[in-house]
Amino acid sequence: MNPTMTTRERDWTLPADHLTLEPAARLVGELWLPGDKSISHRALMLALLAPGTSTIRGAGDGADVRSTASIAAALGADVARQSSDDASNVEYRVTSPGIDALAAPERSLDCGNSGTSLRLFAGIIAGQPFEATLDGDASLRGRPMARLAAPLRAMGATVHGPDGGARPPLRIRGRRPLASVEWTPEVPSAQVKSAILLAGLRADGVTRVRETVATRDHTERMLRARGVDVCTTSEGPGGSIVEIEGGGTPAPFDEVVPGDPSAAAFWLVAAAIHPDAEIRLRGVGVNPTRRAAVDLLRRMGARIEETALESRGEPRADLEACSSDLEAIEVSPAETAAAIDEIPILCLAATQARGRTTIRGAGELRHKESDRIAGIVAGLRAFGAKVQNQGDDLVVDGPTALGGAAVDSLDDHRLAMTFAVAALIARTQTKMGGAASAAISYPAFFRDLERIRR
Ligand code: S3P
């Protein structure tokens with residue numbers, strides 16, 4: 001698609017698909033990150049459900065969030081988007097007729113690569129008096145949906161799709177009102193929890209989602225901020241039960257999106273594993289359900305300073321990381337679930353840590369944008385790292401000096417960014433296929449990489 005170029009030759013807002021990456025002598029500087037992807041999706045969806053005008057400042061402008069914005073427009077909202085800041089984030093102004101007057105879409109809704117768009121919109125459509133089809137790219141069409149179809153069916157929606165609705169495209173016929181349910185997802189999933197809660201908005205009575213391992217809680221916080229009755233109670237070690245009262249209407253809201261902690265993790269690890277690095281990240285979201293990677297890196301010995309910032313919404317902080325001496329750690333299944341999107345970059349950190357790092361219960365990574373277990377093992381081994389997959393665990397022995405590699409991201413944004421960071425500490429040049437996938441969550445990633453490279 002794009003010609004092969006070196007990282008210094010082009011405009012990084014549109015990364016080339018095949019890149020040659022040079023090692024960095026030094027990493028230094030300050031970055032503003034893309035707006036949090038999970039919060040940006042939800043802010044757009046809740047703006048669609050709120051009758052009136054909502055604004056969203058600092059929204060991420062990755063392809064996934066754009067998919068959500070165009071689906072919100074297809075369901076009847078007027079969605080205006082304009083550039084907002086130096087992090088290449090955007091501001092949305094969304095005017096919607098609201099949850100009781102959504103438009104039946106004229107064609108299938110394209111979620112692109114975005115599992116969050118597909119699963120959360122499925123929950124919204126389940127409570128609407130029309131039928132809609134949610135579809136996506138080849139990667140999304142391979143991702144598991146039975147975990148979503150089961151609760152939505154139990155609530156009264158009809159869900160059709162390949163293998164009995166186990167994969168997209170999903171054709172969903174909504175029903176009003178839905179029946180309320182009490183549901184315990186089999187695998188920890190904020191997307192499934194959120195879909196049930198969004199459907200629960202349109203159910204008779206109280207819908208409950210029981211989590212044995214807590215997942216990101218943005219949907220609950222953001223519904224509450226918009227006046228919807230949502231209540232979370234702790235249950236057992238690390239578990240919780242979330243209840244939503246049916247019949248609520250989210251109010252219009254002005255959201256300010258914090259920097260994406262999953263994007264921050266790439267730079268925190270880059271700083272920690274590079275021998276001459278100091279990177280400052282401004283305004284990063286540090287919601288307790290999203291900060292596991294920071295805490296795990298600190299447990300490995302990473303020098304990360306955190307300065308809390310004032311915030312009226314999600315908690316935010318400036319983070320500063322520098323070259324560190326890392327030690328191997330054991331990561332429990334609950335910690336793995338909490339840091340699920342950061343596991344690829346944490347595995348890279350583990351290649352530079354003294355001893356054996358074991359990341360337990362990582363099986364869900366097989367069902368992300370790619371089979372991330374296979375991608376991590378193949379990619380990091382290409383750099384010379386000692387990485388193995390044992391059952392659902394990832395085992396990394398370190399420290400290993402990395403060599404330059406020829407790697408492929410499998411068109412998975414988080415693998416592309418992990419391998420790009422590995423390239424910064426490799427002895428020689430790295431060639432990567434599928435680099436453009438970084439734009440799924442972080443379109444300016446390679447521009448930022450050049451900003452901190454010395
Ligand atoms: C997300 C939840 C997680 C995560 C994904 C974003 C969300 O997925 O991996 O990148 O915004 O709710 P699961 O719900 O499948 O665990």
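1. Domain 1 covers 4-34 + 258-452 and domain 2 covers 37-256, with bounds taken from an automatic or database domain assignment. Their contact (heavy atoms within 4.5 Å) takes 29 residues from domain 1 and 27 residues from domain 2.

2. A word on reading this: it is a predicted model, where local features need pLDDT of at least 70, side-chain atom pairs count only at pLDDT 80 or more, and totals for chains, interfaces and linings use all residues. Residues are numbered from 1 along each chain as its sequence is written, and side-chain values use heavy atoms, with hydrogens and water left out.

3. Now the largest pocket, with a volume of about 610 Å³. (A pocket is an open set of points on a 1 Å grid over the protein atoms alone, where a 1.4 Å probe fits, with protein on both sides within 12 Å along at least five of seven lines; lining residues have an atom within 4 Å of a point. The volume is the space filled by probe spheres set on the points.) Where does the largest pocket lie? Both domain 1 and domain 2 give residues to its lining, so it lies between them.

4. The largest pocket is lined by 40 residues, and Pro-188, Arg-216, Ile-340, Asp-341 and Lys-368 lie nearest its centre. The lining splits into ten nonpolar, 15 polar and 15 charged residues; here Asp, Glu, Lys and Arg count as charged, and Gly is among the polar ones. Helix α11 (333-338) is one of those supplying at least two residues, and α11 gives the most, with five. Helices are DSSP runs of H or I, at least four residues, and strands are runs of E, at least two.

5. Inside, six bridges join β4 to β6, which run antiparallel, and Gly-52 stands opposite Ser-96 in β6. (Axes are lines fitted to C-alpha atoms, for helices over the stretch in contact; angles run from 0 to 180 degrees between N-to-C directions.)

6. Another open sheet of four strands runs β12-β14-β16-β15, also with mixed pairing. β12 (182-183) and β15 (230-235) each have a single partner strand, so one side of each is left without a neighbour in the sheet. α7 packs on this sheet, touching β12, β14 and β16.

Key:
Two strands pair if DSSP finds at least two bridges between them. Grid points are joined across faces, edges and corners, and a volume is the space filled by probe spheres set on the points.
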